[in-house]
Amino acid sequence: MNKLAPSILAADFAVLGEQIQKAAAAGADYIHVDVMDGMFVPSISFGMPVISSIRKVTDCPFDVHLMVQDPERYIEDFVKCGADSITVHAECCRHLDRTLHQIKECGVKTGVALNPATPLENLTYVLDKTDMVLIMTVNPGFGGQAFINSSISKIKRLREWLTKENLSTDIEVDGGINKNTLPRVLEAGANVIVAGSAVFSGDIEKNVKTLKDIMK
Ligand code: DX5
Ligand code: ZN
């Protein structure tokens, strides 16, 4: 089943709770929560206090994407403030296998994100411990960037690999997804779709419905 995960990075933070409720009511499956540390990526977004606050406005699962160096320092904190899944970057973890165990032990789903330049092969020994692989379709750090075309063959190769291994791991895509790029990532094998600007610029309900229609 295909799932839509609106990224609140593109929301209006002055009315964040209301915008999340609108996206959820229109059919969002998850809320994608981008945490940026100003080290791994150039920008800083928000952290636990914001997540605790928005946890109160919706039951929609929180898909937390940590763009954070050495994220093992914060796993418990993010679970406590309301994460339902935690995705860490392979590039940020000195002991990725250990970090994935740590996430599992906290009782939430695991995700591993790969930057556009990071090979799929980095997943070889952790694939069976990963509930979701996040293929970055832009270089992480900012919303509103253009989709990187080479991601398509990467998604295809990953889907083929998972099928061969008989794994039902989700493939999430993040960055530059809109009504034009969406059909291409779906066809390549992605099934969890992050969209920031394509949801929160303009009419949120209408945008969610447009994307969900393409995903049917
Ligand atoms: C990028 C973030 C994305 C971003 C996507 O570093 O991880 O989730 O918000 O934004 P759009 O959909 O506008 O490219
Ligand atoms: Zn993200």
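This is a predicted model: local features need pLDDT of at least 70, side-chain atom pairs count only at pLDDT 80 or more; totals for chains, interfaces and linings use all residues.
**Around the ligand**

Let us start with the pocket. The largest pocket is the space that ligand 1 takes up. Which elements give two or more residues to the shell around the ligand? They are β2 (31-36), β3 (62-67) and β8 (192-195). Of these, β2 makes the biggest contribution to the shell, namely three residues.

In total, 20 residues surround ligand 1, and the closest are Asp34, Gly141, Asp174, Gly196 and Ser197.

| Residue | Polar atom of the residue | Distance to an oxygen atom of ligand 1 |
|---|---|---|
| Ser197 | side chain | 2.3 Å |
| Gly144 | backbone | 2.9 Å |
| His32 | side chain | 3.5 Å |

How much of ligand 1 does the protein cover? On its own the ligand has 380 Å² of accessible area, and the protein covers 99% of that.

**An aromatic pair**

Now for the rings. A pair of aromatic rings is described by how far apart the centres are and by the angle of the planes. The count for this model comes to one aromatic pair. Its members are Phe13 and Phe46, arranged edge-to-face, with 5.8 Å from centre to centre and 80° between the planes. The planes count as edge-to-face because their angle is over 60 degrees.

Where in the chain do Phe13 and Phe46 sit? Phe13 belongs to the loop between β1 (3-6) and α1 (16-26), while Phe46 belongs to the loop between β2 and α2 (48-55). The two are 33 residues apart, so the pair links distant parts of the chain.

**Two positive phi angles**

The backbone deserves a look as well. Most residues other than glycine have a negative phi. Asp70, which is not a glycine, has a positive phi near 50°, and this residue lies in the loop between β3 and α3 (75-80). Asn166 is not a glycine either, yet its phi is positive at about 60°. Asn166 is located in the loop that runs between α5 (151-164) and β7 (170-174).

Note on methods. Residues are numbered from 1 along each chain as its sequence is written. Chains are lettered from A and ligands numbered from 1 in the order in which they are written. Side-chain values use heavy atoms; hydrogens and water are left out. A residue is near a molecule or strand if one of its heavy atoms lies within 4 Å of it. A polar contact is a pair of N or O atoms within 3.5 Å; within protein, one must be able to donate a hydrogen and the other to accept it, and residues adjacent in sequence count only if both atoms are side-chain atoms. Accessible areas come from the Shrake-Rupley method with a 1.4 Å probe; for residues, only the protein chains shown count as cover. On a 1 Å grid over the protein atoms alone, a cavity is a set of points where a 1.4 Å probe fits but cannot get out, and a pocket is an open set with protein on both sides within 12 Å along at least five of seven lines; lining residues have an atom within 4 Å of a point. A molecule sits in a cavity or pocket if more than half of its atoms lie within 2 Å of its grid points. Helices (H or I, at least four residues) and strands (E, at least two) are DSSP runs, numbered from the N terminus. Rings of Phe, Tyr and Trp (its six-membered ring) pair if their centres lie within 6.5 Å; planes under 30 degrees apart count as stacked, over 60 as edge-to-face and the rest as tilted.
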